[in-house]
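These are my notebook entries on a single structure.

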Amino acid sequence: MGISYSTAKWMAPASFLIDFAAQQYGMLSNPNMKTIHNRNLSFFSPQPFFIAGFFFPQQLFQLAWLYRLYKLDPKKPGERSELDQMVDFVPYYSVGNICIATWMVFWNAERLDISNIFVIINSLSQLYYVIAKLPAMNTNSTSSILTNIVSKTFAGIGVLDMLHNGSVAFAKDQPATTMVKALTGVGFGLASAASDWIFGGCLVYDLIALAVGQSALDAGWAKTLGAYAVGSAAIVAAKNLARPPYNGPESGYSKTATDDMQDRV
């Protein structure tokens, strides 16, 4: 999915603006996105304000990442390697924003079966990038830090989006079965054991949002989700304290000549 620097510098902000406009439509239209949420509840319905609380700071990180993408000059050797990693993420970032914007249209039209298609495309795209393509974070590089934060938070909230939209589209008003409860615990446990602080933190946040959302629907399931959140947090902390994921010998990151030159500067 390689693209040119010039293409990346208009594609990424354009997709951000499209998504931002769609979010305004979702909040200001009648019915709005929260009204649709309240009409369609299931065993993976989160507290909606947790989603809003996640996206506001995440959009600030996006703006910082977009500014960095625009500012870096590929003609400067010291900046080109940083820009290359950012440009590599741009197609996935743009697909994600367009999918989220399209999801909003179908969500507010209460076509949750169709909106689910765009949730799946977005979430799987972000997860694929984080798992298969994202280089280990270089804490000496602002661009690397921002790319890791933006991509992993997109993927992290994407997990919640898939669970939420899928459940209300195909299991509306249904309680969590024993199988759903078991798979949720196993799935989040395994994902937490493979996560760094950023993505792992998002998984914990997802579980807390689900626990709070379910507290008014199924108190027993809400308590189970809360216990999963505590367990997930413990797994993420233990894993990352035992093996720090950034810039260490186990991180997979090794300095290049360019990095050494930038450190000296």
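I call a residue buried when its relative accessible area is under 20%, exposed when over 50%, and partly exposed in between, with a 1.4 Å probe and protein chains only. The model is predicted, and I therefore kept local features only at pLDDT of at least 70 and side-chain atom pairs only at pLDDT 80 or more, while totals for chains, interfaces and linings use all residues. Residues are numbered from 1 along each chain as its sequence is written, and side-chain values use heavy atoms, with hydrogens and water left out.

**Entry 1: aromatic pairs**

I began with ring pairs, which are rings of Phe, Tyr and Trp (its six-membered ring) with centres within 6.5 Å; planes under 30 degrees apart count as stacked, over 60 as edge-to-face and the rest as tilted. The structure holds 16 such pairs. I noted one of them, tryptophan 65 with tyrosine 93, as tilted, at 4.9 Å centre to centre and 45° between the planes. This pair links distant parts of the chain, 28 residues apart: tryptophan 65 is in helix H3 and tyrosine 93 in helix H4 (residues 77–108). Helices here are DSSP runs of H or I of at least four residues, numbered from the N terminus. Both tryptophan 65 and tyrosine 93 are buried. I also found one aromatic cluster formed by Trp65, Phe89, Tyr92, Tyr93, Tyr128, Tyr129 and Phe154.

Glutamine 126 lies in helix H5. It counts as buried because its relative accessibility is 0%.

**Entry 2: nonpolar cores**

I next searched for nonpolar cores, that is, sets of buried Ala, Val, Leu, Ile, Met, Phe, Trp, Tyr and Cys residues joined through side-chain atoms within 4.5 Å. The largest has 25 residues, and those with the most contacts inside it are Phe43, Phe44, Val159, Leu160, Phe199, Trp221 and Leu225. Two or more residues come from each of helices H3 (48–71), H5 (112–133), H6 (142–170), H7 (178–193), H8 (197–214) and H9 (219–242). H8 gives the most to this core, namely seven residues. A second, separate core has 21 residues, including Ala8, Met86, Tyr92 and Leu134.

I then listed the contacts of phenylalanine 44, leaving aside its neighbours within four places in sequence: Leu163, His164, Ser167, Val180, Thr184, Leu210, Gln214 and Trp221.

Phe56, Leu60 and Leu63 make a nonpolar surface patch of about 310 Å². Patch residues have over 30% relative accessible area and no salt bridge; like charges are joined within 9 Å, and nonpolar side chains (Val, Leu, Ile, Met, Phe, Trp, Tyr) within 5 Å. The areas come from the Shrake-Rupley method with a 1.4 Å probe, and for residues only the protein chains shown count as cover. Leucine 60 is found in helix H3, and I recorded it as partly exposed, at a relative accessible area of 46%.

**Entry 3: backbone**

The peptide bond from asparagine 30 to proline 31 is cis, with omega near 5°. Proline 31 sits in the loop between H1 and helix H2 (33–39).

I noted positive phi in two residues that are not glycine: glutamate 110, at about 60°, and aspartate 173, near 65°. Aspartate 173 is in the loop between H6 and H7 and counts as exposed because its relative accessibility is 60%.

**Entry 4: salt bridges**

How many salt bridges does a search of the whole structure find? I recorded five, each being a side-chain nitrogen of Lys or Arg within 4 Å of a carboxyl oxygen of Asp or Glu. One joins arginine 39 to glutamate 110, the closest N and O atoms being 2.9 Å apart. Arginine 39 lies in helix H2 and glutamate 110 in the loop between H4 and H5, so this pair ties together parts 71 residues apart in sequence. Arginine 39 is partly exposed at 44%, and glutamate 110 is partly exposed at 31%.

Lysine 133 forms a salt bridge with aspartate 88, with the closest N and O atoms 3.9 Å apart. This pair also links distant parts of the chain, helix H5 and helix H4, 45 residues apart. Lysine 133 is partly exposed at 30% relative accessibility, as is aspartate 88 at 28%.

Key. Contact means heavy atoms within 4.5 Å.
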